[in-house]
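Please read the points below with the sequence and the model open side by side. They are meant for someone who has not seen this structure before.

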Amino acid sequence: MREVYLVGAGQSDFGSFPTESYRSLFKTAFEHALDSTDGELDRRRIDEAYIGTLGVGGRQLGLVGPSVTEHVGLDGTSCTRIENACAASGVALRQAILAIRAGAADTALAGGVEVMNDMSSDRTRFWLGVSGETEWERMAGTTFAGVYAQMADAHMGEHGTTREQLSHVAYKNHANGAKNPHAHLGFECSLEDAIEGTTVADPLNLYDCCPTSDGASAVLLASREVAEELTDNPIRVTGSGQASGRVGLFQRPTLTGIPATEKAAEQAYEEADCSPEDIDFAEVHDCFSIAELLAYEGLGFCEEGEAGPYIESGATMPDGERPVNLSGGLKSKGHPIGATGTGQVVEIYKQLRGEAGDRQVDGLSRGLTHNVGGSGGSVAVHVFEEGWA
């Protein structure tokens, strides 16, 4: 199997940008990715492109991939649009990796884009809801906050997870995001603020929920032969896993876990020939605070039911044993649905190269990304390491 290397990564700011379009946001991310490469990569060498987007708002549901790649000068380049809800660009990344491994491409682009703030809040909720189970959840009035609230309530009842432990997610991720110039909500909050937030869907409050954001991200992947031309500071993609799960929460055997996370992680760890204990840091899908705690357990960072005490111990703080969401995560950096998965990879790229500025943590050599679609209908997990194979 051919080796795959991460040779460039960039993103736009995440936030609310009424004067930007999905094309202009993607162009910003793509140009930042090109600029981030050590050598000069001619965009005409990109063989395949995979673009993740849900198409919130319905402005360009058809052919959105070619619409953005043509805008950045990739005329004629093979392009595929990926729709897997919030895991769209995590899955786009996997497709780009598979294309290089298979020999169909030597250089590939994976990215994503979403515009979510140019419509009413009611219409935004409709577009968020289209990724939920339609017949028995969405049409019955259940929102995504409501679905994750059921998971949080079940975890609290079954494992004794506390209100304060949920709030540690917002407290930590806002502290990290305050150091990220691209973050949508780049401010710190106290643990007390996070505990006392206005209720959204009990037991979740405002600080438990990520924002809806506009933004784009892009990463560049290459075979070893191309990577050797570009850099002496390689980052290798050592593991790629993807799994699907039941779209409806009521269809699953448990409310306190996401089985697709466990399956995707198992595959990624096996390919990378490593275990959870070997992961130095991670970017995980924290659309709601309970989602980050479920990720700890599904990825094997702690035992089932122990995520609350695990975050409370400080293990996932920047100075902890395994920092999580140094970028600020979805909670603070933001969540432009189609751009989130490859946005996580941007942080991996910067941390492993020592280019993360004020939020840089030294001594990291192996990172992981975890991207979830809906409430667990699709999950992509990837492992990255410094150095040549």
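Predicted model: local features only at pLDDT ≥ 70, side-chain atom pairs only at ≥ 80, totals over all residues.

1. Cysteines. How many disulfides does the model have? The count comes to zero. A disulfide would need two cysteine sulfur atoms within 2.5 Å. For C274, the closest cysteine sulfur is that of C302, and the two are 17 Å apart, so this pair is too far for a bond. C274 also counts as buried, at 13% relative accessibility.

2. Negative patch. Seen from the surface, E158, E262, E266, E270, E303, E304 and E306 form a negative patch. Which helix gives the most to the negative patch? It is α10, residues 259-272, which contributes three residues.

3. One patch member in a loop. E304, which is part of that negative patch, sits in the loop between α11 (289-298) and α12 (307-312). Its relative accessible area is 57%, so E304 is classed as exposed, the cut-off for that class being over 50%.

4. An exposed proline. Where does P253 lie? It is found in the loop that runs between β8 (235-244) and α10. P253 has a relative accessible area of 78% and is exposed. Along the chain, P253 and K333 are 80 residues apart, and their C-alpha atoms are separated by 32 Å.

5. Backbone background. Most peptide bonds are trans, and most residues other than glycine have a negative phi.

6. A cis bond. The peptide bond joining D202 and P203 is cis, with omega at about 15°. P203 is placed in the loop between β5 (199-201) and β6 (204-205).

7. Positive phi at A85. A85 is a residue other than glycine, yet its phi is positive, near 55°. The residue belongs to the loop between β3 (78-82) and α3 (88-101). Is A85 buried or exposed? Its relative accessibility is 9%, so A85 counts as buried, since buried means under 20%.

8. Positive phi at N325. N325, also a residue other than glycine, has a positive phi near 60°. It lies in the loop between α12 and α13 (329-332). With 0% relative accessibility, N325 counts as buried.

9. Points to check in the viewer. Please look at the cis bond between D202 and P203, and at the positive phi values of A85 and N325.

Note on methods
Residues numbered from 1 in each chain as written. Heavy atoms only, no water. Buried < 20%, exposed > 50% of the residue type's maximum accessible area, 1.4 Å probe, protein only. Patch = residues over 30% accessible without salt bridge, like charges linked within 9 Å, V, L, I, M, F, W, Y side chains within 5 Å. Areas by Shrake-Rupley, 256 points an atom, 1.4 Å probe, with all protein chains shown as cover. Salt bridge = Lys/Arg side-chain N within 4 Å of Asp/Glu carboxyl O. Lys, Arg positive; Asp, Glu negative; His and termini not counted. Charge placed at Lys NZ, Arg CZ, Asp CG, Glu CD. Helix = DSSP H or I, 4+ residues; strand = E, 2+ residues; numbered from the N terminus.
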